[in-house]
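Subject: Handing over the two-chain model

Dear colleague,

I am passing this structure on to you, and my notes on what was found in it follow below. Please look through the sequence and the structure before reading on.

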2 protein chains.
Amino acid sequence: MNSLYEQNIKKLEELSIKNGYYMSLGGLLGWDQWVGLPSNGVDYRSEVQGFITSQHFNMLTSKDAVKLIEYFDNNEIKDDIHKSIFSQLKRIQRMPTNLMEQLDKLTVQAQAAWHEAYKKSDFEIFKPYLEDIININKKIAEHSNCNGHLMNGLVEQYEMDLTVEEITEVFDELKVGIIKLIKQIQSSSVKINDIFENLEYEKNDLIDFAKHVVETMGYDSQSGAYGEVLHPYTSTIGPRDCRITANYSNFKNIYGTIHESGHAIYALNSSDKVAKLGLWGGLSGSLHESQALFYEYIIGKSIEFCSYFYPELQKRLPYFKDISLKEYYKSINIVQPYYKRIESDEVTYNLHPIIRFEIEKDIIEEKIKIDDIREVWNAKYKEYLGLDIKNDREGVLQDIHWALGAVGFFQSYTLGNVYGGQYLNTLLKDVPNVYKEIETGNFKPLNSWLKENIHQYGRVYTPTELLVKTTGEKLKAKHYLNYLNKKYSVIYNL
Amino acid sequence: MNSLYEQNIKKLEELSIKNGYYMSLGGLLGWDQWVGLPSNGVDYRSEVQGFITSQHFNMLTSKDAVKLIEYFDNNEIKDDIHKSIFSQLKRIQRMPTNLMEQLDKLTVQAQAAWHEAYKKSDFEIFKPYLEDIININKKIAEHSNCNGHLMNGLVEQYEMDLTVEEITEVFDELKVGIIKLIKQIQSSSVKINDIFENLEYEKNDLIDFAKHVVETMGYDSQSGAYGEVLHPYTSTIGPRDCRITANYSNFKNIYGTIHESGHAIYALNSSDKVAKLGLWGGLSGSLHESQALFYEYIIGKSIEFCSYFYPELQKRLPYFKDISLKEYYKSINIVQPYYKRIESDEVTYNLHPIIRFEIEKDIIEEKIKIDDIREVWNAKYKEYLGLDIKNDREGVLQDIHWALGAVGFFQSYTLGNVYGGQYLNTLLKDVPNVYKEIETGNFKPLNSWLKENIHQYGRVYTPTELLVKTTGEKLKAKHYLNYLNKKYSVIYNL
């Protein structure tokens, strides 16, 4: 006969396994929405989606599930895996569902308003909806254990173990370093040609090449699929089923495919033990982003990576025949401040989420008002990036995230890069020849190290737990700054 | 304050609506299994599928759901829609779940055994598994209200309101008529050339042409999608989302696309009222098959249909440039007994399911033994079709249905044709110019009539209720026989 503790551990496992099944359905519904769902099917699909979400949530917050959490509040769990299931479940049970449903409903109108405002490049149209979104988010934040900063109550939805204070510290150091680097680059005598301006190619050749690249890199097509859609996207549908989509309207979108396959390699690499208990797929937020950005930038835009793949690219896309590897490498790494985050280079990119994070924090904590947002936005773009924002479409309306209700999320992108830099520092100590191997097309040393230190654990550990385990310290800006300075000093001869 | 009756009617509706959501998920999982699921994702998917199936079934057989059915057992429902929800739910609650789960598990091994047996063309390898499948099916049949024929307990899973006696009566008449027609055709002096033997074409041209045909016919691509897979298949995923797959390895497969889009036109045509209550998608079994076969044969292989589309086909596939419409029409209607059901012509096709139905009935009712099946099969193919079956692969092992556990299902195919013939007889009285309109590319009169009389009702009425409402009589073989005799008398100059 099992003890009560053992029985409850079993119940915890069952709940986590079923949670995995609902996540799998959510992944499939998401994937289908991008690649399959016909327009006339949308209305009914939203009913089905709502039903499944409520079934999922009802299961996780049922009387039995609440009792289970109460039991483990008073009976400490000794092992990491079950402790992790317990704390994830507890977080979900604490969520202010009513407020989140309110936010969900509001975003339907807010998205329509954003589209209208974007078309007319007029923030005033979107402003009242943004105000409501901010107000509900404030209430959601108040619901949490905020420890000083109200913004912590929002950030914790995405970063499970980083506080606003910690993020601010990292960002402040990063900001100074990056702005300095940009100024150095701008005064460099090196001027790089944009070889992509007149590029022509057959789309299918690009698609085939992109598949060749990511499969060499380690994306297993037996565990995934490729879709083609406007907005690149990764759908994690099961422990061994993670599908990516891409857009091939532009050559540089190949880096989008590399990015998504980075997400996929992470998501597909949970150990069997972890996968079996429903903890597959990887941690959400900045750690997932870090794995995608790592493959895209730190690996994908390195000279060694280019060196291995460029001859094949030249074979497949005749345009590149007379362009040297060096020209190609420099051109994909041109640094040039640009108003639009998603088309920015590796260096200036980081400032966009920092600006957004600062504005969000100040508005949630009532240091600025909705009416000030446009002015603050434009001033920060001038100060950090030296850009004059010409209109709302280039500025405060540039993407739809706020209209989707996402406040407290933006820092994930830049944090992802910072994680990447810190992991890279340790990777180069553990596997000094990692780039040399990539230059020969061998991604095994890289992938094994990432699996060993990060991927295998699925959703068991928090980002900070993993980071400290592997690198020996909490998140620091310096490693990523060192990486950027070193790489761009060579390119721009600083 | 609502009465208890009204409250329970409301509960019935809620259950039906949620049942629709689970059907939608089932449809999506099925579609994904054909067009998206990577091979490494199969194991986990079967866990997810099992979980969803059990959630679905648990909902329909919960204490509350059982109480609801008990209430309506004692309080008659007056309107057709709620009466239909009630009787469908009651049927599900009566199902012998344990036995069906046993059968499900058994079919995993049985399928593997069938593949092995098929490869070696040796029925002996598959026989012990077939024996187990038959035995469980007998138990399932015994669980039902069989009214004399044990086989009724299986047939009712697929035909909700036709008995073995009624089917046998229809089939006996049909068999005599069709065998007579085949003999007449075989002694006709008309010999038709098979123009498809040397056909060459670009696959994409065929795919585009197939889409052109089915969209002209009435399949709305805004409510669907096209997939390409080995086995043609229709996935009904919602009231306005029904997707088809096809195989274009052979020109004649275009009729497969027409067939699947016939299923889809039916499935997409439920009225809003019916769809809202979860009763969308159409009746399973022979009525659904009848709609697909109607578009494929009775419409799609008519001279008027060919006459409208053939010039376009000649434009797109140069092979047909020098072949006349008449040659094309005759060639797609060649009658020639063949051992394989799925590659048979419109006339001889019908005998295959009849043979299978007769064998299944006799084995379930213990008039023949498993050991006799091969001999009985080959004797019937000789008697009805004049064919000498050379080996098990051509004979008793020719398809996987039995290994999938499907016993009591095969009559649906031929019954589908018989329904089609009877509906055609009334259609021609109600809309005498229907074929003339098709000759001009106008499918509206046809589609409106089918929607009005069949499609709009979704799963509200049983096949016989619908048939009697529209044609004034129960299922009869004579109308379909008349149709066949008339059509093939012209083609073969009988």
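To start with one pair of side chains: what do the side chains of Lys10(A) and Glu13(A) meet in? They meet in a salt bridge, with 3.8 Å from N to O, where a salt bridge is a side-chain nitrogen of Lys or Arg within 4 Å of a carboxyl oxygen of Asp or Glu. The two residues are 3 residues apart in helix α1 of chain A and are therefore separated by about one helical turn; helices (H or I, at least four residues) and strands (E, at least two) are DSSP runs numbered from the N terminus. Lys10(A) is partly exposed at a relative accessible area of 47%, whereas Glu13(A), at 17%, counts as buried; here buried means under 20% relative accessible area, exposed over 50%, and partly exposed in between, with a 1.4 Å probe and protein chains only.

Before going further, please keep in mind that this is a predicted model, in which local features need pLDDT of at least 70 and side-chain atom pairs count only at pLDDT 80 or more, while totals for chains, interfaces and linings use all residues. Residues are numbered from 1 along each chain as its sequence is written, chains are lettered from A and ligands numbered from 1 in the order in which they are written, and side-chain values use heavy atoms, with hydrogens and water left out.

The interface

Chain A brings 37 residues into contact with 37 residues of chain B, contact meaning heavy atoms within 4.5 Å. Between them the two chains bury about 2700 Å², 60% of it on carbon and sulfur atoms, and in chain A the residues that lose the most area to chain B are Tyr21(A), Tyr44(A) and Phe51(A), which together make up 25% of what that side buries. Buried area is the accessible area (1.4 Å probe) that two parts lose on being put together, summed over both.

Across this interface there are 18 residue pairs in polar contact, both residues being at pLDDT 80 or more. A polar contact is a pair of N or O atoms within 3.5 Å; within protein, one atom must be able to donate a hydrogen and the other to accept it, and residues adjacent in sequence count only if both atoms are side-chain atoms. On the side of chain A that touches chain B, at least two residues each come from α1 (4-35), α2 (42-60), β2 (233-238) and β3 (241-246), and the largest share, 11 residues, is supplied by α1(A).

How are the two copies arranged? Chain A can be laid on chain B with an RMSD of 0.0 Å by a turn of 180 degrees and a shift of 0.0 Å along the axis, and the copies are thus related as by a two-fold rotation axis. The superposition is by least squares on the C-alpha atoms of residues with pLDDT of at least 70 in both copies. Of the interface residues of chain A, 100% are also interface residues in chain B, so the copies meet through the same surface.

Salt bridges

The count between chain A and chain B is 2 salt bridges, and over all chains it comes to 58. Arg243(B) and Asp32(A) form a salt bridge through their side chains at 2.7 Å, N to O. Asp32(A), in helix α1 of chain A, is buried with a relative accessible area of 3%. Asp32(B) forms a salt bridge with Arg243(A), the closest N and O atoms being 2.6 Å apart; Asp32(B) lies in helix α1 of chain B and Arg243(A) in strand β3 of chain A, so this pair joins two chains. Asp32(B) counts as buried at 3% relative accessibility, and Arg243(A) is buried at 0%.

Within chain A, Lys203(A) and Glu228(A) meet in a salt bridge of 2.7 Å, N to O; Lys203(A) lies in helix α9 and Glu228(A) in strand β1, so the pair ties together parts that are 25 residues apart in sequence. A network of salt bridges links Glu124(A), Lys127(A), Asp371(A), Arg374(A) and Asp392(A).

Two backbone angles

Most residues other than glycine have a negative phi. Glu366(B), however, has a positive phi of about 60 degrees, and Asn493(B) has one near 55 degrees. Glu366(B) is exposed at 59% relative accessible area, and Asn493(B) is exposed at 61%.

With best wishes
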